Amino acid sequence: MRHLISPSDLSVAEIDQLLALADRILEDPSAYAHKCDGKILATLFFEPSTRTRLSFESAMLSLGGRVLGFSSADSSSASKGETVADTTRVVSCYADIIAMRHPKEGAATVAASVATVPIINAGDGGHHHPTQTLTDLLTIHQLKGRMDHLTIGLCGDLKFGRTVHSLIKAMCRYKGVRFVLVSPQELRIPAYLRDDLVAGGYDFQEVEQLEDAIGAMDVLYMTRVQRERFFNEEDYIRLRDSYILDAAKMKLAREDMIVLHPLPRVNEIALEVDEDPRACYFQQVRFGRYIRMALIMKLLEVE
Ligand code: CP
């Protein structure tokens, strides 16, 4: 039985297989409409979500399976004090596979340690969000046509942004990838991740001005400054509008750069950018459903 807790749980070869399967599903979704007949996915979301929960549900329904679950801790017995481990043991009796989001780092690891069905980490605090990463990888693979020799800019909240941490971990494994990390001093990547980049000899630079770096990027991954991760409202207010991507900044970028964002966006991409053909964040949302179909099939061993 396999779980997916961090992007590193999948080898590069396995990720390539998932991307190839997602490509095939995209070409002919109807061929996969009964792959999970009779199977049940549980979505246990202790933290709010639109895309991740609904794309998991859409993915399972598109495979012919069924879904159950809850969308907030308040509507589950967590509100009465039930532990993640006990909730997981219980739901393992009702479902064939579980997607879980939790505000605490490590919650998915705890769940996996007691589950009798595969656990998919749908985001654990500021730690990892591997299925967003798979979505990002499928988007890059589909739109850039390659995964190697890319300059990837990541901009905004690189400290708490779990999608950033997961994407860096995943893209490190492809040849010739260079990272440009754009953030205020306070929101730089965590020390453990910087240490990993240094120890692995990966090519990265940290800068504070997006305008100085945007011209070299193949991919610009914008992120939201996440109010829910701050202990102090004053710090959040001071930092929330550090970067706003607008038409003027897009003029400095290459013609073939793509702009991604895990969404939700708040203020960090001006609405005028949506009209730019390089704005690919809504295509990215669409790919999320297909890569999750591929992942569910892999973990349920139905392919
Ligand atoms: N990208 C993402 O995780 O979005 P949600 O929080 O809406 O699931």
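Domain bounds here come from an automatic or database domain assignment. On that basis, the protein splits into domain 1 (7-128 + 288-299) and domain 2 (131-284). This is a predicted model, so local features need pLDDT of at least 70 and side-chain atom pairs count only at pLDDT 80 or more, while totals for chains, interfaces and linings use all residues. Residues are numbered from 1 along each chain as its sequence is written, and side-chain values use heavy atoms, with hydrogens and water left out.

The C-alpha centres of domain 1 and domain 2 sit 25 Å apart. Where they meet, 31 residues of domain 1 are in contact with 22 residues of domain 2, contact meaning heavy atoms within 4.5 Å.

Next comes helix H5. Helices (H or I, at least four residues) and strands (E, at least two) are DSSP runs, numbered from the N terminus. Helix H5 covers residues 130-144, and its 15 residues reach 20 Å from the first C-alpha to the last. That is close to the 21 Å expected at 1.5 Å a residue, where the expected span is 1.5 Å times one less than the number of residues. Twelve of the 15 residues of H5 are buried, so the helix is largely enclosed by the rest of the structure. Among them are Pro-130, Leu-134, Asp-136, Ile-140 and Lys-144.

Most residues other than glycine have a negative phi, and most peptide bonds are trans. His-149 has a positive phi of about 55° although it is not a glycine, and its place is in the loop between H5 and strand S5 (151-155). Leu-263 is another non-glycine residue with a positive phi, this time about 65°. Leu-263 counts as buried, at 11% relative accessibility. A cis peptide bond joins Leu-263 to Pro-264, with omega at about 5°. Pro-264 belongs to the loop between strand S9 (258-260) and helix H11 (281-299), and Leu-263 lies in the loop between S9 and H11 too.

Now for the charged pairs. Side chains of opposite charge can pair when their charged atoms come close. A salt bridge is a side-chain nitrogen of Lys or Arg within 4 Å of a carboxyl oxygen of Asp or Glu, and a search of the whole structure turns up 14 of them. One of these links Arg-89 and Asp-86, whose closest N and O atoms are 2.8 Å apart. Because they are three residues apart in helix H3 (residues 84-91), Arg-89 and Asp-86 are separated by about one helical turn. Arg-89 is partly exposed, with a relative accessible area of 43%, and Asp-86 also counts as partly exposed, at 35%. In another salt bridge, the side chains of Arg-265 and Asp-274 meet at 2.7 Å, N to O. Asp-274 counts as partly exposed, at 26% relative accessibility.

The side chains of Asp-256 and Lys-144 also meet in a salt bridge (4.0 Å, N to O). This pair ties together distant parts of the chain, 112 residues apart: Asp-256 is in the loop between helix H10 (247-250) and S9, and Lys-144 is in helix H5. Asp-256 is partly exposed, with a relative accessible area of 41%, whereas Lys-144 counts as buried at 15%. Salt bridges that share partners join Lys-144, Asp-218, Arg-254 and Asp-256 into one network.

Arg-254 turns up again around Gly-215. Not counting residues up to four places away in sequence, Gly-215 touches Leu-252, Ala-253 and Arg-254. Gly-215 is found in the loop between helix H8 (210-213) and strand S8 (219-222), and is partly exposed with a relative accessible area of 37%.

Finally, the surface. Leu-68, Val-90 and Tyr-94 form a nonpolar patch there, with about 260 Å² of accessible area together. Patches are made of residues with over 30% relative accessible area and no salt bridge; like charges are joined within 9 Å, and nonpolar side chains (Val, Leu, Ile, Met, Phe, Trp, Tyr) within 5 Å. Accessible areas come from the Shrake-Rupley method with a 1.4 Å probe, and for residues only the protein chains shown count as cover. Leu-68 lies in strand S2 (residues 66-70) and counts as partly exposed, at 33% relative accessibility.

Definitions and conventions: Buried means under 20% relative accessible area, exposed over 50%, partly exposed in between (1.4 Å probe, protein chains only).
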